[in-house]
Amino acid sequence: TTVESVTSALKRARASLQTRLPSAAGEHAPQPGSPAENAIVQRFVTAYESADVDALVALLTDDVFMAMPPMLCEYDGPELVGRFFQPLFARRARYHLVPTRANGQPAFGLYVSDTTGTRRATGLSAVTLVGGRIRERRHFEASVLPLFGLPATLPPVGSRP
């Protein structure tokens with residue numbers, strides 16, 4: 001590569017980062033494992049596991065972005081994210097989230113209970129935090145769970161391993 005091409009790539013990367021970095025208000029992600037981060041994570045888990053769309057949307061920044069690679073599904077803003085979750089939660093499926101980390105941010109193995117009570121993996125959800133809220137959520141297929149040490153199934157609630 002040439003100096004000019006590297007310089008051009010750096011300029012494009014910096015411009016791209018500026019559109020994704022926290023606002024000028026100076027809000028940053030809470031420290032990993034801090035009480036502030038733990039509080040946001042617990043609120044997210046509680047909202048998701050109780051299928052509470054309003055509580056979930058209340059955790060989102062005004063410029064929240066949600067994607068589900070490799071599918072071309074992207075949602076910008078809390079209203080559209082809420083509309084995505086409405087029918088998902090209306091199915092009355094019982095979700096269980098198992099915490100992990102991805103790229104230094106909180107992430108969760110997502111499991112849903114089947115008719116036997118066994119909880120089957122549906123994917124990995126990684127969130128990006130800014131201040132006390134969620135700015136981004138990316139959902140990945142369940143095939144990535146082994147990379148995070150998470151199993152494909154969990155036993156029914158209350159059963160012994």
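**Nonpolar cores and aromatic pairs**

The largest nonpolar core has 24 residues, and those with the most contacts inside it are Phe44, Tyr48, Phe85, Phe89, Leu97 and Ile134. Two or more residues of this core come from each of α2 (35-49), α3 (53-58), β1 (60-67), α4 (78-90), β3 (95-102), β4 (105-113) and β5 (119-130). Helix α2 gives the most, with 6 residues. The model is predicted. In soluble globular proteins, nonpolar side chains tend to be buried together.

**Cores**

- Leaving aside neighbours within four places in sequence, Phe85 is in contact with Tyr48, Val53, Leu56, Met66 and Arg137.
- A second, separate core has 10 residues, among them Ala121, Leu145, Leu150 and Leu154.

**Aromatic pairs**

- The whole structure holds 9 aromatic pairs.
- Tyr48 and Phe89 form an edge-to-face pair, because their ring centres are 5.2 Å apart and their planes stand at 80 degrees.
- Tyr48 is in helix α2 and Phe89 is in helix α4, so this pair ties together parts that are 41 residues apart in sequence.
- Both Tyr48 and Phe89 are buried.
- Phe85 and Phe89 form a tilted aromatic pair, with 5.2 Å from centre to centre and 35 degrees between the planes.
- Phe85 and Phe89 both belong to helix α4, where they are 4 residues apart, about one turn of the helix.
- Phe85 is buried, as is Phe89.

**Aromatic cluster**

- One aromatic cluster is formed by Phe44, Tyr48, Tyr75, Phe84, Phe85, Phe89, Tyr95 and Phe108.

Conventions:
Residues are numbered from 1 along each chain as its sequence is written. This is a predicted model: local features need pLDDT of at least 70, side-chain atom pairs count only at pLDDT 80 or more; totals for chains, interfaces and linings use all residues. Side-chain values use heavy atoms; hydrogens and water are left out. A nonpolar core is a set of buried Ala, Val, Leu, Ile, Met, Phe, Trp, Tyr and Cys residues joined through side-chain atoms within 4.5 Å. Buried means under 20% relative accessible area, exposed over 50%, partly exposed in between (1.4 Å probe, protein chains only). Contact means heavy atoms within 4.5 Å. Rings of Phe, Tyr and Trp (its six-membered ring) pair if their centres lie within 6.5 Å; planes under 30 degrees apart count as stacked, over 60 as edge-to-face and the rest as tilted.
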